[in-house]
Amino acid sequence: MPRKIDCRTVLFTITATAAATLASPAHAQTRRDLGPALTQLAIERDVQIIFQTRLVEGRMAGRVRRGAGLDETLAALVGGQGLVVRKLGPALYSLETVPARTALPSSGPGDDEVAPLEAVVVTASYAASLGRALALKRRAAYGLDAVSAEDIARLPAVNAAEALQLAPGVSLERHRGIGLYVSVRGLGPQFQNVLLNGRSVAMNDLVENGGFRGRQFRFEMLPADAIETIEVAKTTTADMDEGPLGGNIDVRTFKPLEQSRRAAVSVRGSVGQSGKVDPAASGVWSWTNESGSLGLLATGVADRRHIRNDRLYQTGWNLDRFPAVLGPGLYTPTRTRPTIELEDRRLASGDFALQWRPSAAWRTDLDLLLTRLDARYDEFGLDIYPDDSTLSAPRFVPGTQVVVGHTVQAGTIDNVRWMASRETSLNRHDLVALGAHQHWSQGSWSLEADYAYSRARSYHPDGRGTVRARAAFFAPLSFDFGRGREAGPTLTTPVDYADPNRFVGQAFDYTWKDSRDTDEALKLDASRVFDAPLVKLSAGVEQRRRVRDYRRRDWILDTVVGAPLTALGDRFHALTPVSDFLAGTTGDLPRHWVAPDARAFYERLFTAEIAARPPSISDLRNSFVVEEKIRSAYVRADFSGLWFGRAVDGDLGVRYARTDQVSQGVLSSGADPIPAQWRKTYGDWLPSANLRVTLRPDLLLRLGASRVVNRPNVVDNAPRITLARDTPTANGGNPDLDPFLATQLDVSLEWYLTSGGALTGAVFDRRLDNYITAQNTFIQVPGRGEVLLSTNVNGGDARIQGVEAAYSQTFRSLPAPLDGLGVQGSLTLVRSQASYFAGDRVIRNALLGLSRTNYSLLVFYERGRASVRLGYVWRGPYLTTIGSSITAPSHTEAFGSLDGAASWRIDRRMTLSLEGVNLTDARKYIYGETRDQPMETHHWGRYLSARLRWAF
């Protein structure tokens, strides 16, 4: 007869799935906590072990001889501790006390009442990872969401950003299909504080073309296989580093004393739109000594990925470019560009950890992460300039226009420049992050010291900067953007753009960039524990130094301007490597065109004499150094007790941060460079409070309030002016920017279900002072004429309010075979209140990067050796650029990605997985002020992978 299990017991049922763990017979050699040892054994031996959490808390697993059978191993693990393992059925065991049951744990501090607790049933790897994530959320003293290693390893995720997209309130920004940047609760990447193992980390920047991102962490530098957990703190405590308006995102890597002696190796083959097979391999090795006091761990990842992104790019819709023909108040298209973007990305990363625990009072941790990413970029473009009078005089043909609202969607323009271009570069990103932590405790006192040093460099190795070769012809353009985004526009001319005889040379560019970011911090903390109601008092100081050193040089050569392309020789031109550009769109647009050979132009034009030229005034204006020295101190008090019969705990604290900022750059007076330096100092008092009320053992209420500061993006407060190459635009910095300040309020309710899972909801309110927004003005630039300069100013106040809901559950109560079914989903609704200017236009209640609606839904099934998962993540439309007096703003259309995975456990050590990203082949679209103004189409296609994993 099957044995009944008391429903008042907290139960953990662990079923093996080798793909999710780094299993090995480590428990046979080292001492470790009993709970993890039983979990590991269940995974290794493909059995279920049921136990009460209180039975394993504070207990160490016994030593097991090598080669021991299952029954002997179970007896050795629990022996001598008043425990016994009873076999309930085939592959089903129960851990019990001898001889009698004990009372249940209390529901909260000071609560002597025995209350029923929920049954948490965690089955297989993905369900187990959800259970661990919920346990982290439940135990946290502040608002938190998390994903665990099994979430990451079993998602089609190559980095931390892609793993995070299922967390409530988190949205992902993809770059050619790869998740690079993360937004939290509607606030963009620059508003997040990204940590690595609890420490600040330097940031790599964009160097492949004319832009940069500044203080926005590139999550591609953190490969998923090195990560154990990612925690997103959505409320603030005084001991947290100041800076996050959105969230504190803490990425934590594997640690040896938590993994014991284990090893795992995986290999993966993938294919995407490029049609090439992408290989990848990773391995984790963990070792501990016999006593479990010393541990070493090494993780290695090598990954190669070929990317093809078909992009129809348009810089915007301009107002009143042809008023003599069209009349005033109408928008017409500007620079439009069919583009084939190819990348060959090669990543190598190593993570190393050392832990030493000679006693319970002494803990030493050392961490080192090394990552190099080489992205070889190759771009083929055909620029169409319908309103650029720099080299020609475009003329709108009267009577051909089709007007919808304020937009000229179709028409014909004579004397338009059609310019074929080829851009190549090697963009190297290096990241080194070193951390050391020392903990010492004696009685009720604890002292901690933490040192962090990281350096990020994004640059072009010698001779592999951005090379742009161009050739053009002049001919009419007939366009029609009114066919809908799926069909694509019509872009035609009577001239054959696949005939090199039609083209003449244009200006040649070579650009070199070097972005170096350094982050160094030293923290000292002290704390003392007390009896309730004041359970802990903490205080600490921190000194941090951040430096961004950005250098850029541009060489623009007119050597071959006007020369027939064919006269330069056959090696200077070819055709685009694909003929199916934007396959699936029916619009009559270029699919195959002439492609100048960038390397041939470089070798002929960029001579040693040219390279030796001194930096120009423009080069000096483009370069800058920004240094921040931050000194901070905090005090925090944690409390607990009973209020009106309810268990309550929380914290109160305050942090003071003083920032000394030095911005250095070059201004110019005529042809003379003028070195310039700006100093800015500010200090902020930042109070915070968190309260957690246990309404029932399974129902928690959280309240959070804080004042936070977010310093300006480093490229926004740099003294610089950067001119665009192919459009009359520029962007610049403002060293006098004040930081963002915000008051944050959060209320959440968390219901932890008896069958496993949770239903949670939260409302939040962010009131931002000194909101930084763009300001556009026209300036005169020697040699370029009138240029639209975009810079940043403090634009007043803004407010963000929102609601989050999340639900996850494993339906173990359903009859077989449906008892392996589970679901996970979240919904975030956000609204903003703001008013600011773009030129003379007023923008109301729309903030850059803010999607009003985001949701995700994932269904999984795990039973026996099989596991299947299918998830859909959707992000609503958002404002991308604010435009100007004469240029329409742009918006990114809503985008959803259907991802999935299936795995089969071949044996207890080997698992085969199949994974897919963007299974519906969704495309990303961008439009102007309205959807009558289509601007961009991105098509990066599906990405399919097969993976084999061995665990030892």
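In this predicted model, N415 is placed in strand β21. The residue is not a glycine, yet its phi is positive, at about 60 degrees. With a relative accessibility of 34%, N415 counts as partly exposed. A positive phi is also found at N197, another residue that is not a glycine, where the angle is about 55 degrees. N197 belongs to the loop between β8 and β9. Its relative accessible area is 9%, so N197 is buried, the limit being under 20%.

Strands of a sheet pair in general through backbone hydrogen bonds, in a parallel or an antiparallel manner.

Two cis peptide bonds are described here. One leads from A532 to P533, with omega near 10 degrees, and P533 is located in the loop between β26 and β27. The other leads from A816 to P817, with omega near 5 degrees. P817 is part of the loop between β40 (798–810) and β41 (821–838).

Helix α9 spans residues 598–605, and its buried residues are A598, A600, F601, Y602 and L605. The elements covering these residues include the strands β21 (407–442), β23 (466–480), β26 (508–529), β27 (534–557) and β29 (594–596), together with helix α10 (608–611). The N-terminal end of α9 is capped by D597, from which a side-chain oxygen lies 3.1 Å from the backbone nitrogen of R599. When residues up to four places away in sequence are not counted, F601 touches A469, F508, V560, L565, L568, F572, P596 and F606.

F601 also belongs to the largest nonpolar core, which has 54 residues. Together with W418, F479, L491, F503 and F508, F601 is among the residues that touch the most other members of this core. Two or more residues are given to the core by each of β15 (317–319), β18 (362–385), β21, β23, β26, β27, β29 and α9. The greatest contribution is that of β23, with 7 residues. Another core lies apart from this one; it has 31 residues, including L164, M203, I230 and A456.

W418 and Y497 form a stacked pair, with 6.1 Å from centre to centre and 15 degrees between the planes. Because W418 lies in strand β21 and Y497 in the loop between β24 (490–492) and β25 (504–505), this pair ties together parts that are 79 residues apart in sequence. W418 and Y497 are both buried. An aromatic cluster is formed by W317, F322, F396, F479 and F481. One of its members, F479, is also listed among the residues of the largest nonpolar core that touch the most other members.

Charged side chains are placed over aromatic rings as well. R305 lies over the face of Y943, at 3.7 Å from the ring centre. In a second case, the charged end of R875 sits over the ring of Y878, at 3.9 Å from the centre of that ring.

How values were computed: Residues are numbered from 1 along each chain as its sequence is written. This is a predicted model: local features need pLDDT of at least 70, side-chain atom pairs count only at pLDDT 80 or more; totals for chains, interfaces and linings use all residues. Side-chain values use heavy atoms; hydrogens and water are left out. Buried means under 20% relative accessible area, exposed over 50%, partly exposed in between (1.4 Å probe, protein chains only). Helices (H or I, at least four residues) and strands (E, at least two) are DSSP runs, numbered from the N terminus. Contact means heavy atoms within 4.5 Å. A polar contact is a pair of N or O atoms within 3.5 Å; within protein, one must be able to donate a hydrogen and the other to accept it, and residues adjacent in sequence count only if both atoms are side-chain atoms. Rings of Phe, Tyr and Trp (its six-membered ring) pair if their centres lie within 6.5 Å; planes under 30 degrees apart count as stacked, over 60 as edge-to-face and the rest as tilted. A charge sits over a ring if NZ of Lys or CZ of Arg is within 6 Å of the ring centre and within 35 degrees of the ring normal. A nonpolar core is a set of buried Ala, Val, Leu, Ile, Met, Phe, Trp, Tyr and Cys residues joined through side-chain atoms within 4.5 Å.
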